Amino acid sequence: MKRRIRRSEQEYLDCCALCKCSENCPDKYGEKITLKSQELTVHYFCLLMSSGVYQRGEENEGIYGFLVDDIKQEVRRSSRLKCAVCKKNGASVGCYVKSCQKKVHFPCGKQHQFIFQFTDLFPSYCKDHSPTQSLSVSACVSEPMSCSVCLDPIEPVLSYSILKCPACHGSWFHRDCVQNQAHSAGMFFFRCTLCNNKDMFQQEMLQMGVHIPERDAAWELEENAYGELLQVYQHCDAKKCLSHSGRTYTSRTGWFQILRCALCGSRGTHRKCGSLKLDETNWACEDCAGAVNGTASLPRHTDSPQPGGQRRSRTSKRSLTLTPRQSPIVCKRTFLLGGSAREILQELASQTSQHQPSMPVVVNGNKVLEAAMELVKRSDFNPSHALAVRFTSGKHSSSPDTCPGNTRHFLRLLVQQLQNTVFEGPDGAKTLTLDARALREDVYFDVGCLLSLSLVHGGPPLGFFSRALYLCLFNFPRDTPLTVEDMGSTVFTDKVKKIRESKSLEELREAMESTSEYLEVAGCTRPVESLSDKDALVKDIVSFHLITRMQLPVQRFCEGLKTLGVFDQVQMFPGAFVGLFCSSHDKLTADTMAALFTVQFSDQEETAGKETTVVTFWRHYLLECEVGRCATSLEDVLIFATSADVVPAVGFSPSPTLSFLHPLDPAGAFPVSQPSSNRLLLPVVPSYQAFKKHMEYAVCQLTVLQII
């Protein structure tokens, strides 16, 4: 009898107090935690999703901040609630929609397509109210044939068990597959297996109920996972080894020191066995030597390549020596194909020296371009250091700011003013112009350097390059011919068009006569015997106008773009960057604006309820800004919060957040922005009218101050 009692007590202790299930499956239910002193066992996910318990303690109190008394109170509360699935009492999880009365145990909810969101307030949704994904409207996205994780056939119909990537729309997968991937990869490595997108992908998966552990990848946590990489290859692979001590013997120096292949490192030879000299340290195995230019020996390079980005001007003395600011930072790792431009720029930004002394920049009034040009001409200029920007206007000045606030405002104005330096053409489709003074003063290099600086340090997407300029710089799209239209609106363009549109040989000769001076300069003066000769003539003229005559400006501009390694990365992945250079940024919408900010609610339920109402005010205010029913635009609001009117090319760091102010007097409560941390604090007010009035006042006040 005593044995039975003890056995039943043990079974009771093994069962989760919330779901009454004894199964120990961390992937499904989270960690199973037992407090023997309290005779309490719970699954961590059951605890997170329970509707009536909150973290009121510190992380080391109770169970990860959930106090024991609170958990027991939740057990008592749920003991009176019947599960909609198994019809048993103890249903602690309720649908987040207030009008819905469905209550379930956590395991029962997983079996019946409940969606549990492991973010914010950890809401749960029943099958009738769960969020859904939308199909892509793009016709170029083909329907998938298999799961992009397990590669098994998949039916391309969105459902609870079938999900897709919101970024590329081409990667579809089973829910169980992507959940296993998330559990293995963790938050730092979990991303789309097809397009490599991380931010949008993780946000969507969290919304669809995929749990992403906040830890490193499982393969990084395995002890001695990369131990074999620490082993050095020590073996002579010569056809005939001359060492009397065997192939594995190596001396520290001399004839019988083993040299490893300088290319693969997985083959070795004694100097004596490889017929090498005593002072030779570089050697290549037969396989690698044959792969290098098809030769049988490793080419000897006595001179190391010079870093790119040197200033070589024929007239300026300051360009004759290589200074620290002329050496671009080269990305330490090769990016995977499919990496986005933002991820590549983030990698470049991570290699800058944020903790080194910052570079001071003083801007007088709106003379941003002058301040930037003075910066790059300084002898101590180092593009890898952060910028400390100070705006001055008469007697007033802002304090230096090494955080993103002033820097983003400075870079936003800089990109606008750079478009009127060495560029010509309509807005959104500019090309380089030929300017003798700009060449003499090496302005092309400076402009390229400043554009690279802006992209890596948090400036906006460029979006003003013409497709012809991008093609000349990066040869993308490949095998795309330049046309007369790429020459822009110039005096010569109309004359070249007349040559192209000639209907007879006589018209062709007349058109050539009218532009004979330009043809002579371009080296395109030639006799024409037939109308078909005009095609080759037009091609040569376009090539001269866009390539030959612009060779030196383009070369110096590219040297400037090599600052911080930007040019090399764009050249490697031109398809990823074409939208950032050539396409105007997408217009802000209320939805994209709301998605930018992460809401940080208070821990107390009553306070969080008031803040939820303010979030509704905030989203309604954004909608009114979008349709023009407010005195402010969405761009004005973003500037107020972050000092940027668009999302920077490198993205926001840190991510924008929304917090709340709880004033004693709501009548005097105004929003507060902290651009240095991308944080916006919204006042908790009782009505939308008061919220809108205070928002408009604060945002408009900042706009007026910036104009002054």
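This is a predicted model: local features need pLDDT of at least 70, side-chain atom pairs count only at pLDDT 80 or more; totals for chains, interfaces and linings use all residues.
Asn475 is partly exposed, with a relative accessible area of 39%. As a rule, most residues other than glycine have a negative phi, and most peptide bonds are trans.

**The loop between H15 and H16**

- Asn475 belongs to the loop between H15 and H16.
- Pro477 is in that loop too, with helix H15 (467–474) on one side and helix H16 (491–500) on the other.
- Look at the bond from Phe476 to Pro477: this peptide bond is cis, and its omega is near -5°.

**The loop between H25 and E17**

- Ser643 is in the loop between H25 and E17.
- Although Ser643 is not a glycine, its phi is positive, at about 70°.
- Ser643 has a relative accessible area of 11%, so it counts as buried, because buried means under 20%.
- Pro654 is also in this loop, which runs between helix H25 (634–642) and strand E17 (657–661).
- The peptide bond from Ser653 to Pro654 is cis, with omega near 0°.

- Ser643, by contrast, is buried at 11%.

How values were computed
Residues are numbered from 1 along each chain as its sequence is written. Side-chain values use heavy atoms; hydrogens and water are left out. Helices (H or I, at least four residues) and strands (E, at least two) are DSSP runs, numbered from the N terminus. Buried means under 20% relative accessible area, exposed over 50%, partly exposed in between (1.4 Å probe, protein chains only).
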